[in-house]
Amino acid sequence: MPRITCIAFSAARLLLASLLAMLSLPAFAASPSDCLVGNYRLDDESDLDIASSANDTLRWRKFDGTTGTLHRQGDGSWMSTRGWSETADGIVVSFAGCDMGTLRFGAVSGKKREFATREIHFESHGTTLSGRLVMPPGEGKVTIVVLIHGSEPSSALESYSLQRMLPAEGIGAFVYDKRGTGSSGGTYTQDYSVLADDAVAAVAAAKSLAGSRMERIGFQGGSQGGWVAPLAATRTAVDFVIVCFGLAVNVIDEDQQSVELQLSEKGYSRSEIRDALSVASAVENVVASGFSSGFAELDRLRKRYAAARWYKDLRGDYTHIFLSKSEAELRAIAPQFDWHIPWNYDPMPVLRSLRAPQLWVLGGEDYEAPSRETRKRLNSLIARGSDCTIAYYRNAEHGMTLFEVDAKGERISTRYAPGYFQMLRDFALHGMLAAQYGDAELTQPRRRGR
């Protein structure tokens, strides 16, 4: 599976979800192909972004949402496979070399764009963080988007493609490695309050670099960033907040809703799902205790339901990671997950107090951040008069990607939802949406004059 980012920038699109898997995500080590990374203007007037990816591959993305993986061939060319699949899509890419900055994408040639880029080190809570401002060329005023991490432990400076895709559309982007990742100092954490303060410091850093060129500034956060971005927006003045595949519920509810969605799609009855949720709740209690209590209840429920037909399909967002482990094993791994996660954090008071316009982009097939309850809660904000816009892609999963299901029943992500990137651009520029974006179902705030 792909991941992260509001665009799933990424090589890892996990939320808090893949807690265990996050520890083994591939690092983006320096590669001879790094000089090929960039945003290219093609002769057909479209834009193509080339990003680093795992195992010495590259990922291409176009603004229309199409994407693929590039695999180096013996003759120096690169063969593309569709989405995150292993199926060749017929596209062959050749680069003229690092010094030339040109490529050929299928039958179309292109040249790498030049952006105004500045690096910076800035401080937050005594920790030095590394950031980068990427601006469109010229001297005109621009909107700037500060990109907030999801839960991934990898470097945003290396992996986030929005840092180029937005400037190609005339929007500045500030990207930074959160604490404990990439070239930033400190210790990795999932403490939303600390991460929100880091995001506030990032805004100040972006403003200092942009100077008189800044016209508007706001946040974009994907996945876990959906908890952090609104919180940060209550601590510094911003013009907008964009949340992609985020949640308006807490981390415990996230897992419960994931279990419910997955099992309901497999056709299990309401009573079976209730039993499964009780097992998931026992797992969640153990994890939320820091693996220090709740073992007796978990053992009791595992023994009771081990033969149930739904037990093999019980996954959730993180329940499946710990479900089969003994008390001794769970206690032993506790230090690996000492990330200060606020398990019962309720985001609604923050969302109710937020004055900046919000855009929430949600997927109906999102297993990591199930959207039904979040969508319901956001609709309640709109009914109360909040300046909140909801864009709902019924068939999109986490990362706003579409997918196919293979013979084993596994999802294979194929592309980003049509209109998704255009939507991010337009909201950043205008604080509202006034067009149709693929098959997104839009719920708009009530505005004066309507």
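Predicted model: local features only at pLDDT ≥ 70, side-chain atom pairs only at ≥ 80, totals over all residues.
**Stop 1**

Select the nine strands β9, β10, β12, β11, β13, β14, β15, β16 and β19. In that order they form an open sheet with mixed pairing. Go to the edges next. They are β9 (116-124) and β19 (441-443), and each pairs on one side only. Look along the sheet for its twist, which averages 20° from one strand to the next.

**Stop 1: β13 and β14**

Select residues 214-222 and 240-244. These are strands β13 and β14, which run parallel and are joined by five bridges.

Show the side chains. F240, I242 and C244 point one way, while V241 and V243 point the other way.

Now select V243 alone. What does V243 touch, leaving out residues up to four places away in sequence? The list is G221, G226, P230, L359, W360 and V361. V243 counts as buried because its relative accessibility is 0%. For a distance check, pick the C-alpha atoms of V243 and K207: they are 21 Å apart in space and 36 residues apart in sequence.

**Stop 2: helices on the sheet**

Select 372-383. This is helix α12, which lies across β15 (358-363), β16 (388-393) and β19. Helix α12 runs at about 150° to β16.

**Stop 3: helix α6**

Select 251-265. How well does the length of α6 agree with its residue count? At 1.5 Å a residue, its 15 residues should span 21 Å, and the end C-alpha atoms are 21 Å apart, so the two agree.

Colour by burial. Helix α6 is mostly covered, with 11 of its 15 residues buried. The buried set includes V251, I252, V259, L261 and L263. It also includes E254, D255, E260 and Q262. Which elements do the buried residues of α6 pack against? Show α4, α5 (225-233), α7 (270-288), α9 (319-322) and α12.

Check both ends. N250 caps the N-terminal end: one of its side-chain oxygens lies 3.0 Å from the backbone nitrogen of I252. Just after α6, pick G267, which takes a positive phi of about 90°.

**Stop 4: the nonpolar cores**

Select F122, V146, F174, F219, F291 and F322. They have the most contacts inside the largest nonpolar core, which has 86 residues.

Centre on F291. Beyond residues up to four places away in sequence, F291 touches V286, F322, L330, R331, I333, A334 and F337.

Then move to W84, A156, M400 and L424. They are among the 34 residues of a second, separate core.

**Stop 6**

Most residues other than glycine have a negative phi. Two residues here go the other way.

M400 has a positive phi of about 60° although it is not a glycine. M400 is found in the loop between β16 and β17 (401-405). Is M400 buried or exposed? M400 is buried, because its relative accessible area is 0%, against a cut-off of under 20%.

Now pick S223, in the loop between β13 and α5. Phi of S223 is near 60°, a positive value. S223 is buried too, with a relative accessible area of 1%.

**Stop 5: F95**

Finish in strand β6 (88-95), where F95 lies. F95 is buried, because its relative accessible area of 16% is under 20%. Show its contacts: apart from residues up to four places away in sequence, F95 touches L36, Y40, I50, L58, W78, T102 and L103. Last, pick F105. F95 and F105 are 10 residues apart in sequence, and their C-alpha atoms are 8.7 Å apart in space.

Definitions and conventions. Residues numbered from 1 in each chain as written. Heavy atoms only, no water. Core = buried A, V, L, I, M, F, W, Y, C linked by side-chain atoms within 4.5 Å. Buried < 20%, exposed > 50% of the residue type's maximum accessible area, 1.4 Å probe, protein only. Contact = heavy atoms within 4.5 Å. Pairing = 2+ DSSP bridges. Helix = DSSP H or I, 4+ residues; strand = E, 2+ residues; numbered from the N terminus. Axes fitted to C-alpha atoms, helices over the stretch in contact; angles between N-to-C directions. Expected span 1.5 Å × (residues − 1). Polar contact = N/O pair within 3.5 Å; in protein donor to acceptor, adjacent residues only side chain to side chain.
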